[in-house]
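Subject: Structure handover

Hello,

Here is the structure for you to open. My notes follow below it.

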Amino acid sequence: MKLPEPIDLTAKVHMLKERLDSLAPADQEFVNAMAGRLEQGERPCSAELLRVKDMKVPGEAPFVDSILREGTVTALREDQDKVIWRYMPLEQLLFLLSTGTLHFSPLSCMKDTSEGQLPERAFEQTKATLPPHFSQPGASIDADTMTKLAIAYRQRDACISCWYMDDSDNIAMWSEYAPRDGVAIRTTVGRLHSSLGGCCDTNIHIARVTYYEPDEEELYVDDAYFGSLFIKHAEGFRHEKEFRALAYRANNGRGVNIPVASNVLIESLVLSPDLPYWAVPFLTQLIITLGFAGRVERSSAIPSKTKLDTAGLIAGLRRGQAISSGWYDANRYDNVRDAIETLITTIQKSGVD
């Protein structure tokens, strides 16, 4: 995530001193003292730096931090109005609506096995920061092993929710992440930020992913060393235009479920272009039953050539029902199971295909 530019402390103190008459008496005294200390080459303490940063220079526009914070969630202010999409199988949407949580998967479960790994130089830099006893002959755990363990813990405990950033949906994303009876959440960065910020006790950072080519890796080694998980090699992934939410929390390797205000998060729901038109009202009714009151529509993207018939749709619902049974507590699973069973019965009785 890009950080705001640091302030020029000396320049700001001089600007404040030039407008001394417009400051409160206590601020006048502080600015005079700071100017004198800076002229003598003294280094201010962190509290003084923060006070200078927060002071408004009379006549100038107030400083606007490029990092927007809401609760425990941080994002770049410039991204707030960007449209993002979350493609998912139908059962994942049912999980979100029925539990009021958004699932974050650990890096160790990603198809890209390089997620969370360190380039060679970053690996060596990290290893060099370990206490000296890891490099002593006869150490029970040597420095290489300890560094690899740290990376493994990082891949387990760093959990992400991946989104596609673009104004319109994308057929390649449908095919890869939400085929056949899948669904996509259409929203904005600001909505994602706000939906997590009011109900979460875990620090979450959300930002777009930066992609780099193989010959650019050295430019990003320092980012990798300092722990950035918002950089990714471009080959095979640039087309995903990923926007990522990152929650770092110890877990059992299956990820974490983060509370989310779904009515804030979801601007609209878009159903797979592979769904036949007759199926749209059936799935819409199921979604409404689980509490979503917003707009539901079918994607206008070109569908695949394989037709989804009644048997295929019901099989997909059964498959999702089986997969999701391990995600819910008993009461919530009963509600979802009953809603799906009612939908399947309705489809079977309708005679459509």
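Which element gives the most to the lining of the largest cavity? Helix α12 does, with 4 residues. Helices and strands here are DSSP runs, numbered from the N terminus (helices are H or I, at least four residues; strands are E, at least two).

First, the ground rules. This is a predicted model, where local features need pLDDT of at least 70, side-chain atom pairs count only at pLDDT 80 or more, and totals for chains, interfaces and linings use all residues. Residues are numbered from 1 along each chain as its sequence is written, and side-chain values use heavy atoms, with hydrogens and water left out.

Confidence
The mean pLDDT (the predictor's confidence in each residue, from 0 to 100) is 87 for the protein. Of its residues, 93% reach 70 or more. Strand β6 (residues 183-188) has the highest mean among the elements, 98. Helix α9 (residues 221-225) has the lowest, 73. Over residues 1-6, pLDDT stays under 50. Where pLDDT is low, the predicted coordinates should not be read in detail.

The cavity
A search of the whole structure finds 1 cavity of 30 Å³ or more. On a 1 Å grid over the protein atoms alone, a cavity is a set of points where a 1.4 Å probe fits but cannot get out; a pocket is an open set with protein on both sides within 12 Å along at least five of seven lines; lining residues have an atom within 4 Å of a point. Points are joined across faces, edges and corners, and a volume is the space filled by probe spheres set on them. The largest cavity has a volume of about 30 Å³. Its lining is Leu90, Glu91, Leu94, Gly316, Leu317, Gly320, Gln321 and Ile340. The elements that give two or more of these residues are α4 and α12 (310-324).

The pocket
The largest pocket holds about 840 Å³ of space. It is lined by 35 residues. Nearest its centre lie Arg86, Gln92, Ser105, Met110 and Ile160. Strand β5 supplies the largest share of the lining, 5 residues. Other elements that each supply at least two include β3 (83-88), α4 (90-99) and α7 (171-177).

Trp174
Trp174 lies in helix α7. Is Trp174 buried or exposed? Trp174 is buried, at 2% relative accessible area. Buried means under 20%, exposed over 50%, and partly exposed in between (1.4 Å probe, protein chains only). Beyond its neighbours within four places in sequence, Trp174 is in contact (heavy atoms within 4.5 Å) with residues including Tyr87, Asp169, Val183 and Ser299.

Positive phi
Arg180 sits in the loop between α7 and β6. Its phi is near 65 degrees, a positive value in a residue other than glycine. Arg180 is partly exposed, at 26% relative accessible area. Lys241 is in the loop between β9 (231-233) and β10. Phi of Lys241 is near 45 degrees, again positive in a residue other than glycine. Lys241 is partly exposed too, at 38%. Gly291 follows α11 and has a positive phi, near 110 degrees.

In helix α1 (residues 9-18), the buried residues are Leu9, Lys12, Val13 and Leu16. Seen down the axis, they fall within an arc of 100 degrees, so they line one face of the helix. The arc is that of the directions from the helix axis to the C-beta atoms. In helix α11 (residues 280-289), the buried residues include Phe282, Leu283 and Ile287.

Best wishes
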